[in-house]
Amino acid sequence: VQLQASGGGLVQVGGSLKLSCAASGSSFSVYFMAWYRQSPGKQRELVAGIRDGGATNYADSVKGRFTISRDNAKNTVYLQMNSLEPEDTAVYYCYADLQISWPYSRRQYWGKGTQVTVSS
């Protein structure tokens with residue numbers, strides 16, 4: 001399974017970006033997909049996650065500004081980021097916790113990061 005993330009870039013304070021992450025490869029079902037981020041000198045942190053039933057959770061710092069959603073038919077998760085702040089500058093990583101059909105197993109995957117830079 002591969003996770004292909006896209007949508008990062010440079011945006012001014014108050015602007016918006018939408019990240020996408022598509023999972024492809026072996027047959028699988030999704031337990032959980034999420035976006036994490038990491039900025040220089042800091043640990044990687046959970047930004048937002050969405051479970052197979054649709055329940056979502058967010059870091060306190062992004063509540064009300066970011067929205068995670070999922071297109072099950074496309075095995076794609078999105079992160080709509082509004083009212084961006086300089087503190088949101090980081091490399092954003094897609095994460096997936098999947099049930100693989102063959103060999104039957106539960107595995108976790110990370111996508112390559114995509115840079116988000118918010119300029120003031």
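Read along the sequence, this protein follows the pattern β-β-β-β-β-β-β-β-β-β-β, with 11 strands and zero helices. The structure is a predicted model. One disulfide is found in a search of the whole structure, and the largest nonpolar core holds 31 residues.

**Overall dimensions and surface**

- The radius of gyration is 14 Å, which agrees with the value near 14 Å that a compact globule of 120 residues would have.
- Taken along the principal axes, the C-alpha atoms fill a box of roughly 50 × 25 × 25 Å.
- Of the 120 residues in the protein, 41% are buried.
- When contacts between residues at least 6 apart in sequence are considered, 53% of them join residues at least 24 apart.

**The largest nonpolar core**

- Within this core of 31 residues, those with the most contacts are Met33, Trp35, Leu79, Met81 and Tyr92.
- Two or more residues each are given to the core by β1 (2-6), β3 (17-24), β4 (28-38), β5 (45-51), β7 (66-71), β8 (76-81), β9 (90-100) and β11 (114-119).
- Strand β9 provides the largest share of the core, namely six residues.
- Apart from its neighbours within four places in sequence, Met33 is in contact with Cys21, Ala23, Ala48, Gly49, Ile50, Ile68, Val77, Cys94, Tyr95 and Ala96.

- Cys21 lies in strand β3 and Cys94 in strand β9, so the pair ties together parts that are 73 residues apart in sequence.
- The torsion about the S-S bond of Cys21 and Cys94 is about -85°, and the disulfide is therefore left-handed.
- Both Cys21 and Cys94 are buried.

**Arg106 in strand β10**

- Arg106 is located in strand β10, which spans residues 105-110.
- The relative accessibility of Arg106 is 48%, so this residue counts as partly exposed.
- The side chain of Arg106 makes a polar contact with the side chain of Asp97, at 2.7 Å.
- Not counting residues up to four places away in sequence, Arg106 touches Tyr31, Leu98 and Gln99 as well as Asp97.
- Arg106 and Phe28 are 78 residues apart along the chain, and their C-alpha atoms are separated by 9.3 Å.

**Ser39 in the loop between β4 and β5**

- Ser39 is found in the loop that lies between β4 and β5.
- The relative accessible area of Ser39 is 18%, and this residue is buried because that value falls under 20%.
- Leaving aside neighbours within four places in sequence, Ser39 is in contact with Thr89 and Ala90.

Notes. Residues numbered from 1 in each chain as written. Predicted model: local features only at pLDDT ≥ 70, side-chain atom pairs only at ≥ 80, totals over all residues. Heavy atoms only, no water. Core = buried A, V, L, I, M, F, W, Y, C linked by side-chain atoms within 4.5 Å. Buried < 20%, exposed > 50% of the residue type's maximum accessible area, 1.4 Å probe, protein only. Helix = DSSP H or I, 4+ residues; strand = E, 2+ residues; numbered from the N terminus. Contact = heavy atoms within 4.5 Å. Polar contact = N/O pair within 3.5 Å; in protein donor to acceptor, adjacent residues only side chain to side chain. Rg over C-alpha atoms; globule rule 2.2 N^0.38 Å. Disulfide = S-S within 2.5 Å.
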